[in-house]
Amino acid sequence: MAKPIAVYNDVHKSFGDVEVLKGIDLEIAPAEKVALIGPSGSGKTTIIRMLMTLEQPTSGTIVVDGQYLWHMEKNGELVPANEKHLRQVRGDIGMVFQHFNLFPHMSILENCMVAPINVKGVPKKEARERSVEMLEKVGLGDKLDDYPSQLSGGQKQRVAMARALVMRPKIMLFDEVTSALDPELVGEVLEVIRDIAKEGEMAMVLVTHEMDFARDIADRVVFLDEGRIAEQGTPEQVLENSESERLNSFLSRFRS
Amino acid sequence: MKGINITITVLIASAILSYLVAFIAGFGRLSNNIFIRKFTGFYVEVFRGTSLIVQLFWFYYALPGLFDIHLASDFWAAVIAIAMNYGAYMSEIVRGSILSVAKGQREAATALNMSRFQRMRLVILPQAVRMMLPEFGNYLIQMLKATSLVSLVGLTDILYHGDIFRSTHLSLAPTVYILILVFYFILALPLIWLTRWAEKQSSKGVASE
């Protein structure tokens, strides 16, 4: 396996007295597509939120592309990272949220342009070209000047993906991106994710309840249960041939 | 009638200064630094908890007498009193609006690797200001009416001139006060329209939970 792009070492996370993650060890290879599945409350979302620096691990380390994410080395010791260090490391990571979180005071195009210009210092003209190109790719080339409130949920989520992609991350995180959508809009969003996955070079971690979709695009499926990784392997191994009772009873809820 | 220009200049100067105070104190209360937070909290409670007219007298009579602090002129003593008072109230609006921008907005900005300052400048504040506008408008109208208190420290505003006129034409007292009311109302009208417009603006383009 190539040098991993992200590594979790014995990561724990508690909210107050509740320990949500009880020791996660996970490696993600460059360009690997990983689907995280599991019952609600099993900690899937927390895993990717820690990678996006939205949630700080209680203990353990996360390494991104060879650099500690939540720590930095100082005189040979690991100390908590400061804002500057976090910014430097998380530049490789992008995320799409369940509730889109588009900026409502900006047009679709501005939503995509704001970060490249202000965070990466991309010249305005180039940022515009990149954003237009990305919005066309997600099928919204004709909505550039619309505002988020004018779009359907599926369209909003596609904008959110374009916005994250314009930053050219090495890892993209998808946090239940279809859960807040009306059923008839789920397809168009999954279609776009499939297209992105096909292009290949970017690692993707998807928290999802769409089992058929996970089977389709994931190289590896990870089943989380009560804060631990209970099973992992290829989609066939995990979704079809597992002996685990917990996993099979979880999966049976998705078979109709 | 004379005095309108004084009323208007006092209003404009206190409005600008009070918005400035409101933003400084509002951010102060959100600061990570506990001393700044406590200090601005103390300021806000003191100025909200005491009457404007007493504060006005303080700036005008007590400060020069007690500490030999002279605030440039009567005009500035009045303006600073009004601005500090309304700034205290409006700092709560600044603080509340910033806090009520949806958490997801901050997270999305973080996910795009914006710095703390960029998150505030590009994402949080533009939305928070939209929420502040209608309340700011309301306070502006109240401030207009509060400017009438400056007649008590010798500034020659509308009310001051009205009072003088009434004292020489006692029989006209009702007419004079009706006229003064009408003047205040006419001055308030554009501010009321401004507030309505601000309310419309604020209903667009905000994500809050």
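**Sheet, loops and salt bridges in a predicted model**

Strands β1 (residues 6-15) and β4 (residues 59-64) of chain A pair in the antiparallel sense over five bridges; helices (H or I, at least four residues) and strands (E, at least two) are DSSP runs numbered from the N terminus, and two strands pair if DSSP finds at least two bridges between them. The model is predicted, so that local features need pLDDT of at least 70 and side-chain atom pairs count only at pLDDT 80 or more, whereas totals for chains, interfaces and linings use all residues. Residues are numbered from 1 along each chain as its sequence is written, chains are lettered from A and ligands numbered from 1 in the order in which they are written, and side-chain values use heavy atoms, with hydrogens and water left out.

Within β4(A), Val64(A) is the bridge partner of Ala6(A). An open sheet of four strands has the order β2-β1-β4-β5 in chain A, with antiparallel pairing. Its edge strands, β2 (18-28) and β5 (67-68) of chain A, each pair on one side only. Helix α1 (residues 44-51) of chain A packs on the sheet and touches β1, β2 and β4 of chain A, contact meaning heavy atoms within 4.5 Å. The direction of this helix makes about 115° with that of β1(A); axes are lines fitted to C-alpha atoms, for helices over the stretch in contact, and angles run from 0 to 180 degrees between N-to-C directions.

In the loop between α1 and β4 of chain A lies Thr53(A), which has a positive phi of about 65° although it is not a glycine. Thr53(A) counts as buried at 9% relative accessibility (buried, under 20% relative accessible area; exposed, over 50%; partly exposed, in between; 1.4 Å probe, protein chains only).

The structure holds 22 salt bridges over all chains, each defined as a side-chain nitrogen of Lys or Arg within 4 Å of a carboxyl oxygen of Asp or Glu. One of them joins Glu32(A) and Arg220(A) at 2.9 Å, N to O. Glu32(A) lies in the loop between β2 and β3 (33-37) and Arg220(A) in strand β11 (residues 220-225) of chain A, so the pair ties together parts 188 residues apart in sequence. Both residues are buried.

Lys170(A) forms a salt bridge with Asp65(A), with the closest N and O atoms 2.8 Å apart. Lys170(A) is partly exposed at 39% relative accessibility, and Asp65(A) is partly exposed at 30%. Asp92(A) also forms a salt bridge with Lys170(A), at 3.8 Å between the closest N and O atoms. A network of salt bridges links Arg49(A), Glu55(A), Lys103(B) and Glu107(B).
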